[in-house]
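Please read them with the structure open.

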Number of protein chains: 2
Amino acid sequence: MISHNIVPNISVDCVVFGFDFKKLNVLLVERELKDEESGKLLIKDHTLTGYHIFEDEDLDTAANNILKNLTGLDNIFLEQFAAFGQLDRVAGDKDKVWLKYINKGFAERIVTVGYLALIDNTKVTLHLKDKNVQWFPVNKINGMEMAFDHKHIFYKALEALQRKVKVEPIAFELLPDYFTLSQLQKLYEALLGTSFDKRNFRKKVSQMHYVIPLKKKQKGVPHKPAQLYLFSREVYDKTRKGKISFII
Amino acid sequence: MISHNIVPNISVDCVVFGFDFKKLNVLLVERELKDEESGKLLIKDHTLTGYHIFEDEDLDTAANNILKNLTGLDNIFLEQFAAFGQLDRVAGDKDKVWLKYINKGFAERIVTVGYLALIDNTKVTLHLKDKNVQWFPVNKINGMEMAFDHKHIFYKALEALQRKVKVEPIAFELLPDYFTLSQLQKLYEALLGTSFDKRNFRKKVSQMHYVIPLKKKQKGVPHKPAQLYLFSREVYDKTRKGKISFII
């Protein structure tokens, strides 16, 4: 009864964040449309990584499949952050032209479920080139042209991410397994758009018992190699999970 | 082009929480189906308060309309917490019978967007009786029969609520404008399923500058009237909003 057809009015969109040790980036797909006769460029902008769900896919599976296809990775941190159903969300002039052009039976009104994806940049490089998929610095997005309501969705995802990293240890998903304290500080600074005093930051980190110093140092760096740390989910769960900290 | 028809495969479901000064409750609708000939009871269980969205409604409007219809209230705290799209979520035996019986053109597969609603119990009493809508204690839900995947959605909403009340001042939505510290303590105890030492609790509350003591006391209570407090969103925003507390 259930076939591998798309559901015309339901999609998922992944807002994929990565950190390159300097800044926070987001994965976007180029959307380009040229007039077939004149060759004139009709549309050139960017979309989030998303697609319609299929009739035989649940929402999480759909989002996972998109990411796997894109990055080759299977175990990506992926979490819903909101659904978007504004009446005019795919009804912009360019978007109407595009939907007509690709002609895949998408509905005039589409509800999309937004997923936040966090990627360890150092693990993903290979599969991107072919697909017009690129990392863009988060702070450049405002000046870019984007398809549909994807700029709105992007900013909602960024807000959700900024809210979440303050109360859950998900920022570590953006780092490699072993990281330095400078990298951790840069990450939080990039995430929250702020800067921290180095001494205060390290003092606070020393109170996070789940950020564990290793007897290892960086290798192959042009400066004095720094000590490496890891995030222990186990220690976090034991010491923090469920802790009531409702003084807000 | 857009008509006031339902969208057959997209719905919203509101998980409406209320607090009666003793325990946390949730609003459920009775679902009953009798065989027309024999009068035999075929289905009797409960659903969350939800419905399909209409083609001319966005998601938030749909959820608002459902709540307004139910409670007469317009300004209810309402926030998406997750979307649900499991393949079998409306395919239980009872649910199939029900969908066939009501025969409203709903799809075989429905994605629903879950909303968390928080209601000040003292403001809602009137509109409930006609509609087979009733408050049920949150800790009785596990033993109840519920339609579709609504029990699953309920528990996901409760988890989201418990997570949110620890980091945002939304619990106050469940209290009247003026409340006592005992009521506030009971509320947090009900929300988090725990109990607090009264002295510690009050000490912590005294550090929340946005919980403001009034020169008013309770009236018409059989015990010594307690002092009343209010939650100030303004003070909260000034003193806490955006505060970085990423030590988690």
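**Notes on the two-chain model**

1. Helix H1 of chain B is followed by Gly72(B), which has a positive phi, near 80°. Helices (H or I, at least four residues) and strands (E, at least two) are DSSP runs, numbered from the N terminus. H1(B) covers residues 59–71, 13 residues, and its first and last C-alpha atoms are 19 Å apart, close to the 18 Å expected at 1.5 Å a residue. The expected span of a helix is 1.5 Å times one less than its number of residues. The buried residues of H1(B) are Leu59(B), Ala62(B), Ala63(B), Asn64(B), Ile66(B), Leu67(B), Leu70(B) and Thr71(B). A residue is buried if 20 or more other C-beta atoms lie within 10 Å of its own, exposed if 12 or fewer, and partly exposed in between, with C-beta atoms placed from the backbone.

2. This is a predicted model, in which local features need pLDDT of at least 70 and side-chain atom pairs count only at pLDDT 80 or more, while totals for chains, interfaces and linings use all residues. Residues are numbered from 1 along each chain as its sequence is written, and chains are lettered from A and ligands numbered from 1 in the order in which they are written.

3. Chain A has six helices and nine strands. Its C-alpha trace spans about 60 × 40 × 35 Å along the principal axes. Of the 248 residues in chain A, 33% are buried. Among contacts in chain A between residues at least 6 apart in sequence, 71% join residues at least 24 apart. Two residues are in contact if their C-beta atoms, placed from the backbone, lie within 7 Å.

4. The domain assignment of chain A gives domain 1 (6–165) and domain 2 (177–239); such bounds come from an automatic or database domain assignment. The C-alpha centres of these two domains of chain A lie 31 Å apart. Eight residues of domain 1 of chain A are in contact with six residues of domain 2 of chain A. On the domain 1 side, H3(A) gives the largest share, three residues. By class, that side of domain 1 has five nonpolar, one polar and two charged residues. Ala, Val, Leu, Ile, Met, Phe, Trp, Tyr, Cys and Pro count as nonpolar, Asp, Glu, Lys and Arg as charged, and the others, Gly among them, as polar.

5. After H4(A) comes Gly193(A), with a positive phi near 60°. Thr194(A) is in the loop between H4 and H5 of chain A and counts as exposed because it has 10 C-beta neighbours inside 10 Å.

6. Phe17(A), in strand S1 of chain A, counts as buried because it has 25 C-beta neighbours inside 10 Å. Leaving aside neighbours within four places in sequence, its contacts include Leu24(A), Val26(A), Ala117(A), Leu118(A) and Leu161(A).

7. Leu118(A) lies in strand S6 (residues 111–119) of chain A and has 22 C-beta neighbours inside 10 Å, so it counts as buried. Beyond four places in sequence, Leu118(A) touches Phe17(A), Phe77(A), Ile170(A), Glu173(A) and Leu174(A).

8. Which residues have the most contacts inside the largest nonpolar core? They are Val15(A), Ala117(A), Val15(B) and Ala117(B), in a core of 111 residues. A nonpolar core is a set of buried Ala, Val, Leu, Ile, Met, Phe, Trp, Tyr and Cys residues joined through C-beta atoms within 7 Å.

9. The contact between the chains takes 35 residues from chain B and 35 residues from chain A. On the chain B side, strands S1 (6–19), S5 (77–84) and S6 (111–119) and helices H4 (181–192) and H5 (198–207) each supply at least two residues. That side of chain B has 20 nonpolar, seven polar and eight charged residues.

10. Chain B can be laid on chain A with an RMSD of 0.0 Å by a turn of 180° and a shift of 0.0 Å along the axis. That is the relation of a two-fold axis. Copies are superposed by least squares on the C-alpha atoms of residues with pLDDT of at least 70 in both. The copies meet through the same surface, because 100% of the interface residues of chain B are also interface residues in chain A.
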